[in-house]
Amino acid sequence: MSEVDTPPAVDATPPPRRDWGKLVRTAAWLALLVVLLALPLYLDAAWLKAGQYMMIGGVGAIGLTLVVGQAGQLSLAHAFFLLAGATAYTVLSGPAGDDRVVGFGLDPGLSLLGAVVVAALLGLAFAPVAGRLRGIYLGVASLALVFLGLYFGQSAEELTGGTSTGRAPAPFSLFGFPFTNDGPEITVLGVPIRQAERTWYLFLLLTVVAFVIARGAVRGRVGRSWRAVRDNEAAAAVMGVSVLRAKAGAFAVSSAYGGLAGAMTVLWFDILKPDESEYGTYGINVSIAYLAMVIIGGLGSVSGALVGALIVNGLPQVLALYSADLGWFSGTGDGALTPILVSSFVYGAAIILVVLFEPGGLAAIGRRLTRSRRQPPEEP
C-alpha cells in the first residue's frame with residue numbers, strides 16, 4: 001500500500017503589520033520639534049518670551065498631572081514647590097560672601113539640579129501626610145504649604161531678599177556657555193542667537209527631557225503602580241504594591257517637576273521676589289492655574305498637560321502682545337479688563353465645559369478622533 005503524500009503545512013500566522021499610527025505620531029512629534037527649533041529664527045524676543053512662559057507651565061503641569069491624574073492625589077501645593085525651586089536655585093548659584101543674602105556660588109547647572117533635588121526632598125517630607133489623606137482632605141492639607149511658603153519666603157530675607165527688593169538669580173550657563181548676551185557671538189541664517197533665543201533653547205531642552213522622563217514613568221512599572229493605587233488601594237496592596245511608597249514617590253516626583261518649573265520661573269523673571277499676598281507669582285492663584293492646566297488637558301495625560309499649559313499660561317501672554325498692537329485693555333478704571341482677567345474667564349469656562357461634557361479633557365477628544373480615523377468605515 002503506497003503512502004499518500006501529504007502537502008506541507010502552511011503557516012497561517014499573518015505577517016506582522018506595521019503600527020502606522022505609531023509611526024505617524026512619531027513623525028508628528030519630530031515635525032513639532034523641528035518647528036520649535038526653527039521658531040527663534042523667525043519670531044521676535046517678545047513672542048519668544050511668551051513661548052518660554054508656556055514651557056514653564058508645561059513642565060509644572062506635567063509634574064502635577066502625574067500626582068493628580070496618575071496617582072489620584074489632589075495637590076494644591078504646586079506654587080509652594082515653585083517657590084522652593086526658585087529659592088534653591090537662587091541661593092545655590094548666588095555669589096558667596098554677600099553680607100545681605102546667602103549664596104554658595106555653585107555652578108548654575110549644578111544649582112538647577114540642586115533646585116530639583118531640594119523640591120523633591122520637600123515633597124518627600126510631605127509624603128507621610130499625603131500617604132494618609134485623600135481627596136479634599138489632602139487638597140486642604142497641601143494648600144497649607146502655599147501659606148507656609150509665603151510666610152517663610154517673606155521672613156527669610158537672607159534667602160529670598162525680602163518682598164521689597166527681592167534678589168536677582170545668577171545668570172545661567174551650561175559647561176561654561178552663557179545663556180545671556182555675553183560670550184561668543186552666534187549667528188544662524190543671519191539671525192543672531194542672543195539671550196532670548198538661547199533661553200528658548202534651554203527651556204525647550206528642559207521641557208523635552210521632562211516630557212520624555214514622564215512618558216517613560218507612566219508607561220513603566222512606576223506608572224502601573226500609581227494607577228493601581230489610584231483605582232483601588234486595597235486591590236493594589238493585595239497585588240504587592242506598597243501604597244505608601246507609591247504615593248510618596250508620586251508626590252516627590254511631582255514636587256521635583258515643580259522645583260524645576262520654579263527655577264525656570266526665576267530665570268524668566270530674572271528676579272526672585274516672594275509674594276506680598278496669596279495672589280501672586282507663588283500664590284494660590286498659581287496652584288489653581290496649574291490644576292486648571294491638567295483638568296483642561298486631561299487628568300493623567302502628559303501630552304494633555306502641555307496643551308493645557310499652552311492655553312492657561314499662553315493666553316495671557318498672547319492677549320498682552322496683541323493688546324499692544326490693537327489697543328485692547330486700555331481702560332484705567334478699577335473695573336477695566338486685563339489680559340489676565342480675560343484669560344481667567346476663558347480657562348474657567350473651559351474647566352466647566354470639560355467637567356460637564358468631556359471629563360477626559362482635550363486628551364480624550366484627541367484619542368477619540370484618532371480612533372475614528374483608524375477604524376475602517378462600516379459596509380452598507
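**Close-up views of a predicted model**

A search of the whole structure, which is a predicted model, finds 10 aromatic pairs.

**View 1. Phe80 and Phe81 form an edge-to-face aromatic pair.** The ring centres of Phe80 and Phe81 are 5.1 Å apart, and the planes meet at 75°; because planes over 60 degrees apart count as edge-to-face, the pair is given that name. Phe80 is buried, at a relative accessible area of 16%, and Phe81 is buried as well, at 1%. Together with Phe126 and Phe251, these two residues make up one aromatic cluster.

**View 2. Phe177 and Phe179 form another edge-to-face pair.** Here the distance is 5.5 Å from centre to centre, with 90° between the planes. Phe177 is partly exposed, with a relative accessible area of 26%, whereas Phe179 is buried, with 12%.

**View 3. Helix 3 covers residues 78–93.** At 1.5 Å a residue, the 16 residues of this helix should span 22 Å; the end C-alpha atoms are 23 Å apart, in agreement with that expectation. Since 16 of its 16 residues are buried, helix 3 is largely enclosed by the rest of the structure.

**View 4. Tyr89 belongs to the largest nonpolar core.** This core has 74 residues, and Tyr89, Phe203 and Tyr290 are those with the most contacts inside it. Helix 12 (residues 243–269) gives the most to the core, with 12 residues. Leaving aside neighbours within four places in sequence, Tyr89 is in contact with several residues, including Pro108, Leu112, Phe172, Ala263 and Leu267.

**View 5. Gly153 is a buried residue of helix 6.** Helix 6 comprises residues 136–155, and the relative accessible area of Gly153 is 4%, so this residue counts as buried. Not counting residues up to four places away in sequence, Gly153 touches Thr160 and Pro274. The C-alpha atoms of Gly153 and Leu272 are separated by 10.0 Å, although the two residues lie 119 residues apart along the chain.

**View 6. Leu189 has a positive phi although it is not a glycine.** The angle is about 55°. Leu189 lies in the loop between strand 3 (187–188) and strand 4 (191–192), and at 72% relative accessibility it is exposed.

**View 7. Asp270 also has a positive phi without being a glycine.** For Asp270 the value is about 65°. The residue is found in the loop between helix 12 and helix 13 (284–297), and at 48% relative accessibility Asp270 is partly exposed.

**View 8. Lys49 lies over the face of Trp268.** The distance from the ring centre is 5.0 Å.

How values were computed
Residues are numbered from 1 along each chain as its sequence is written. This is a predicted model: local features need pLDDT of at least 70, side-chain atom pairs count only at pLDDT 80 or more; totals for chains, interfaces and linings use all residues. Side-chain values use heavy atoms; hydrogens and water are left out. Helices (H or I, at least four residues) and strands (E, at least two) are DSSP runs, numbered from the N terminus. Buried means under 20% relative accessible area, exposed over 50%, partly exposed in between (1.4 Å probe, protein chains only). Contact means heavy atoms within 4.5 Å. A nonpolar core is a set of buried Ala, Val, Leu, Ile, Met, Phe, Trp, Tyr and Cys residues joined through side-chain atoms within 4.5 Å. The expected span of a helix is 1.5 Å times one less than its number of residues. Rings of Phe, Tyr and Trp (its six-membered ring) pair if their centres lie within 6.5 Å; planes under 30 degrees apart count as stacked, over 60 as edge-to-face and the rest as tilted. A charge sits over a ring if NZ of Lys or CZ of Arg is within 6 Å of the ring centre and within 35 degrees of the ring normal.
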